[in-house]
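Here's a quick tour of one protein model, picked out a piece at a time. Have the sequence and the 3D view ready.

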Amino acid sequence: MAGRFEPLNRTAVRGGRTDVPPGPGGTAGAGAVQRRWTPDGPVDLGLTLGPLRRGPADPTFRTTPDGSVWRATRTPDGPATLRVSRSGTGTGTGTEIDAEAWGAGAAWLLDHLPALLGAGDDPAVFVPRHRLVHASHRRRPGLRLTRTGLVLESLIPTVLEQKVTADEAYRAWRRLVRQYGEPAPGPHGLNLHVMPDPRTWAMIPSWDWHRAGVDAKRSDTIVRAVRVANRLEEAAAMDLPEAARRLEAVPGIGPWTSAETLQRSNGHPDAVTTGDLHLPGIIGYALAGDRDADDAAMLELLAPYAGQRHRAARLVLLAGRTPPRRTPRMYRSDIGRL
């Protein structure tokens, strides 16, 4: 329904907007472990799982015309592929979710399915304070905050997004996952890949980081992170301040990177992103007409949403209201061609 009101622009996509075709669902094939889950309220699969997608050609994420969302991931039990779809039509209360999983981590994924689809999130506590936020919230009753319980799979692509355009980061993620990851278990034909394990990330040679367009600062940060992967994964069970401190103890990981990671791994509704090039201006313009807002001004505008600032920021992004462009786009470079 939201598509009738806002265009699918880059800001809405950054807010986690991923369109899922209204297909019939069903089952995909033999060899899968299956589960059916009934949420206690409306769940929009595209809005809930959209933040896990890193660009339109993410090798770990697919949507298919039958209304399914596919996700390849590396769980504590090993690689796995998950397929989720609706067993009925609509997004209302009581709509059942069908899930199938393949691979060594299939049981782990199905055990964590409710958390992935926002069972631990309580959108009812959110109270809109601005007209735009109220309208965006009303049009998206199925928005839930996902919680993957997996830190590294969100941290690494977030580090790749530091100080570069989204297109550059997505290109690097695609290349590295396809080159060093492994084909995802389950049905063939989707060309899904599971991201590399920590040891493989640490062993990527400098020239392949370079070919992927990743500078030494970002690659060094990823290597430092994967060397303490077990300690970082523990952050998925921590409260927000403690989890952020755990991540930011790694040189190269700051508040921006930790917030963007914990929004996905921990599903925390208050993990607001600071240090972003565009977000303060978008929030400032949408809520107060201030396109020059900085982090301090943004946090002041979001103060009425204390405890729910990440959700409020997402609803603003999904509304798609952005200030008119007055400067050129950020320069796109490709150090892999140098």
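Where is the place of Leu192? Keep in mind that this is a predicted model. Leu192 turns up in the loop between strand S6 (182–183) and strand S7 (193–194).

**Around Leu192**
- Leu192 is buried, because its relative accessible area is 8%, under the 20% cut-off.
- Leaving aside neighbours within four places in sequence, its contacts include Phe61, Arg62, Trp70 and Pro183.
- Take Trp70: it sits 122 residues from Leu192 in sequence, yet the two are 8.6 Å apart in space, C-alpha to C-alpha.

**The sheet**
- Five strands make an open, antiparallel sheet, in the order S1-S5-S4-S3-S2.
- Its edge strands are S1 (33–37) and S2 (61–64), each pairing on one side only.
- From one strand to the next, the twist averages 20°.
- S2 and S3 (residues 68–75) pair over 4 bridges, and here Arg62 stands opposite Trp70 in S3.

**Aromatic pairs**
- You'll find 4 aromatic pairs in the structure.
- Phe126 and Tyr305 are stacked, 5.4 Å centre to centre with 15° between the planes.
- Phe126 is in the loop between H4 and H5 and Tyr305 in the loop between H15 and H16, so this pair ties together parts 179 residues apart in sequence.
- Phe126 is buried at 5% relative accessibility, and Tyr305 is buried at 3%.
- Trp173 and Trp201 are stacked too, at 6.3 Å centre to centre and 15° between the planes.
- Trp173, Trp201 and Trp209 form one aromatic cluster.

Methods:
Residues are numbered from 1 along each chain as its sequence is written. This is a predicted model: local features need pLDDT of at least 70, side-chain atom pairs count only at pLDDT 80 or more; totals for chains, interfaces and linings use all residues. Side-chain values use heavy atoms; hydrogens and water are left out. Helices (H or I, at least four residues) and strands (E, at least two) are DSSP runs, numbered from the N terminus. Buried means under 20% relative accessible area, exposed over 50%, partly exposed in between (1.4 Å probe, protein chains only). Contact means heavy atoms within 4.5 Å. Two strands pair if DSSP finds at least two bridges between them. Axes are lines fitted to C-alpha atoms, for helices over the stretch in contact, and angles run from 0 to 180 degrees between N-to-C directions. Rings of Phe, Tyr and Trp (its six-membered ring) pair if their centres lie within 6.5 Å; planes under 30 degrees apart count as stacked, over 60 as edge-to-face and the rest as tilted.
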